[in-house]
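Please look over the model below.

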Amino acid sequence: MAANSLDREKQILEYLHNNGSASIQQLAEAFGVSNMTIHRDLNKLAESGQVLKKHGGAVLSSSSGRAQEEASVCAMCRKPVSQRTVFIVKLDNGEELRACCAHCGLMLQSRSQNAWQSLTADYLFGHMISAGQAFYLIGSELNVCCVPSVLVFGSGSDAEKFQKGFGGQIFNMDETLKHLSGMMHMHSGM
């Protein structure tokens with residue numbers, strides 16, 4: 001039993017490292033345990049100074065607070081990073097760049113010569129998916145962050161259903177990069 005709770009505590013720390021923060025409910029669902037079990041795990045991690053418990057959830061603790069602050073601000077436009085639209089670019093030196101949305105994330109990725117992996121949140125379900133496998137809906141009526149709006153879906157059928165209600169165009173990652181790059185060239189040429 002103790003090994004399971006220790007393993008889970010390590011997994012919680014990894015989850016918080018990858019996502020910045022999490023609610024107790026998100027952690028309980030992610031690890032298939034009760035909210036009370038997560039409360040106990042977070043209490044142990046908070047006592048050891050590894051996490052800070054906040055408003056029904058937790059964030060990684062930082063001695064200066066700067067690492068957490070940097071993780072919660074977009075590396076491209078400096079807007080706050082929401083878990084619902086986060087885009088993470090992992091660099092080959094181990095550094096992670098976080099973006100507020102797929103629009104900024106794809107721009108960061110295209111400007112980072114040493115990017116080796118990108119992850120993004122599925123807009124409907126919130127779980128992290130490979131950015132290269134995702135479907136991108138550009139220019140829908142729903143604008144949640146930067147313009148043009150770029151929403152990310154884990155499946156083409158989810159993107160199509162969303163498109164029927166809110167419009168926009170669906171692209172894969174390479175097509176989205178070309179589309180955004182073309183739009184930037186149009187605006188800079190004016």
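## The hairpin

Strands β2 and β3 form a hairpin. Two residues lie between them. His-55 sits in the turn, and its phi is positive, at about 40 degrees. Keep in mind that this is a predicted model.

The β2 strand covers residues 51-54. Its pairing with β3 is antiparallel and runs over four bridges. Within this pair, Val-51 stands opposite Leu-60 of β3.

Ser-23 has Gly-57 in β3 as its bridge partner. In a regular strand, side chains alternate between the two faces of the sheet.

## The cavity

How many cavities of 30 Å³ or more does the structure hold? There is one. The volume of the largest cavity is about 70 Å³.

Two elements each give two or more residues to the lining of this cavity: β6 (115-121) and β9 (150-153). The largest share comes from β9, with three residues.

## What lines it

The lining of the largest cavity includes Val-150, Leu-151 and Val-152. Thr-120 and Ala-121 are also among the lining residues.

By class, the lining has eight nonpolar residues.

Terms used:
Residues numbered from 1 in each chain as written. Predicted model: local features only at pLDDT ≥ 70, side-chain atom pairs only at ≥ 80, totals over all residues. Heavy atoms only, no water. 1 Å grid on protein atoms, 1.4 Å probe; cavity = no way out; pocket = protein on both sides within 12 Å on 5 of 7 lines; lining within 4 Å. Points joined across faces, edges and corners; volume = space filled by probe spheres on them. Nonpolar A, V, L, I, M, F, W, Y, C, P; charged D, E, K, R; others polar. Pairing = 2+ DSSP bridges.
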